[in-house]
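Subject: Structure handover

Hello,

Here is the structure for you to take over. My notes follow below it.

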Amino acid sequence: AMNNAKRVEPDASLIIVELGGNDVFYDTPSEEFAANLDAMLSELARHKVPIALIELPLPPFYNRFGEAQRQLAKKYGAMLVPRRLLARVLASPDATVDSLHLSPAGHERLAQALWEMR
């Protein structure tokens, strides 16, 4: 994700950050997730472009991931997109390629949901 953050175009009008599912799936410690997200948001914030951080739908006992997202969204002035939006997209037919990563149809549904949220 950091490599992608470093490649953001200087004329971007909005940065959408949707990550962390693999961290939850592979049991990354929440402190490591928070440190990585902090570093990435720091890199993105230098662009002075609005950031939309999509909150993770979390399984039980993973609240610290959500806490990190909320704290870092506040720290960097990012809009925190409610987790129910992504959960709704993930639950829709043909939205994922592997139950975690969005398919092209899933990306379209997410884009539409974000557009309607504005």
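This is a predicted model: local features need pLDDT of at least 70, side-chain atom pairs count only at pLDDT 80 or more; totals for chains, interfaces and linings use all residues.

Residues are numbered from 1 along each chain as its sequence is written, and side-chain values use heavy atoms, with hydrogens and water left out.

Salt bridges

The structure holds four salt bridges (a side-chain nitrogen of Lys or Arg within 4 Å of a carboxyl oxygen of Asp or Glu). One of them joins the side chains of Arg-70 and Glu-55, at 3.2 Å from N to O. This pair links distant parts of the chain, since Arg-70 is in helix α4 and Glu-55 in the loop between β2 and α4, 15 residues apart. Helices (H or I, at least four residues) and strands (E, at least two) are DSSP runs, numbered from the N terminus. Glu-55 is buried, with a relative accessible area of 8%. Through salt bridges that share partners, Glu-55, Arg-70 and Arg-83 form one network.

Lys-75 and Asp-38 also meet through their side chains in a salt bridge, at 3.2 Å from N to O. Lys-75 counts as exposed at 51% relative accessibility, and Asp-38 as partly exposed at 21%.

Glu-43 pairs with Arg-46 in a salt bridge, and their closest N and O atoms are 2.8 Å apart. Glu-43 is buried, with a relative accessible area of 16%.

The sheet

Three strands form an open sheet in the order β1-β2-β3, with parallel pairing (two strands pair if DSSP finds at least two bridges between them). β1 (15-17) and β3 stand at the edges with a single partner strand each, so one side of each has no neighbour in the sheet. From one strand to the next, the twist averages 25° (axes are lines fitted to C-alpha atoms, for helices over the stretch in contact, and angles run from 0 to 180 degrees between N-to-C directions).

β1 and β2 are joined by three bridges, and Ile-16 has Ala-52 in β2 as its bridge partner. β2 and β3 also pair over three bridges, with Leu-80 in β3 as the bridge partner of Leu-53. The chain goes from β2 through α4 to β3 in a right-handed β-α-β crossover (with the strands pointing away from the viewer, the path from the first strand over the helix to the second runs clockwise).

In β2, Ile-51 and Leu-53 point one way and Ala-52 and Ile-54 the other way, and all are buried.

Helix α5

Which residues of α5 are buried? In this helix (residues 83-91) they are Leu-85, Leu-86 and Val-89. They cover an arc of only 90° around the axis, which puts them on the same side of α5 (the arc is that of the directions from the helix axis to the C-beta atoms). Arg-84, Arg-88 and Ala-91, on the other side of α5, are exposed. The cover over the buried residues of α5 includes β2 (51-54), β3 (79-81) and α6 (104-117) (contact means heavy atoms within 4.5 Å).

Regards

Terms used: Buried means under 20% relative accessible area, exposed over 50%, partly exposed in between (1.4 Å probe, protein chains only).
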